[in-house]
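Please look over the chain shown below.

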Amino acid sequence: MPSVFVVLTGSLTLLAALNASAEVYRWVDDAGQVHFSSQIPHDRTPQKYKLNMNYEGDRIERDSLEEIANPELKAQRLEQQAAQQKQQQRDATCQQGKDYQQLLAAGPNQNFRMPGEQQPRAMTAAEYAAEQRKAERMISENCR
């Protein structure tokens with residue numbers, strides 16, 4: 001009996017890890033509202049999508065029929081997404097540099113926790129200058 005329970009539990013666990021795929025149709029109504037449905041609308045020309053979803057129902061990937069028929073479109077979309085992520089990272093690093101520069105504006109006598117050290121302490125003049133250059137470099141390389 002315990003072996004049946006183990007097999008059943010294992011099977012249910014494997015089923016929970018599987019991804020689901022669904023066909024979804026997208027169309028726009030007369031008011032300009034976008035709709036998604038698993039049913040083909042009778043009076044609209046839908047755009048068919050292939051949705052890959054995980055078990056929790058979170059979308060993993062969406063390919064339109066145009067992207068399926070023309071892989072270059074998907075490559076362009078992925079390229080644009082990568083460029084957007086890179087720009088978001090640059091923006092975040094830019095803001096970190098500005099925040100750090102503002103923190104350093106208090107002067108070298110303020111206590112800072114230096115990398116590799118447990119206790120905060122006042123920076124030496126050389127450390128302060130190096131940290132200012134670091135903040136300026138972050139800003140100049142990432143802010144536009």
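A residue is called buried when its relative accessible area is under 20%, exposed when the value is over 50%, and partly exposed in between, using a 1.4 Å probe and protein chains only. By that rule, buried residues make up 19% of the 144 residues in the chain. This is a predicted model, in which local features need pLDDT of at least 70 and side-chain atom pairs count only at pLDDT 80 or more, while totals for chains, interfaces and linings use all residues. Residues are numbered from 1 along each chain as its sequence is written, and side-chain values use heavy atoms, with hydrogens and water left out.

**Fold**

- The chain has four helices and six strands, where helices (H or I, at least four residues) and strands (E, at least two) are DSSP runs numbered from the N terminus.
- Read from the N terminus, these elements follow the order α-β-β-β-β-α-α-β-β-α.
- Among contacts (heavy atoms within 4.5 Å) with a separation of 6 or more, 33% are between residues 24 or more positions apart.

**Surface**

- Valine 28, which is placed in strand E1 (residues 20-28), counts as partly exposed at 38% relative accessibility.

**The disulfide**

- A search of the whole structure finds one disulfide, defined as a pair of cysteine sulfur atoms within 2.5 Å.
- The disulfide is formed by cysteine 94 and cysteine 143, with their sulfur atoms 1.7 Å apart.
- Cysteine 94 lies in helix H3 (residues 71-104) and cysteine 143 in the segment after helix H4 (125-142), so the pair ties together parts that are 49 residues apart in sequence.
- The torsion about the S-S bond of cysteine 94 and cysteine 143 is about 105°, and the disulfide is therefore right-handed.
- Cysteine 94 is buried, with a relative accessible area of 9%.

**Asparagine 142**

- Asparagine 142 lies in helix H4 and counts as buried, at 14% relative accessibility.
- A polar atom of the side chain of asparagine 142 lies 2.9 Å from the backbone oxygen of methionine 138.

Methods: Polar contact = N/O pair within 3.5 Å; in protein donor to acceptor, adjacent residues only side chain to side chain.
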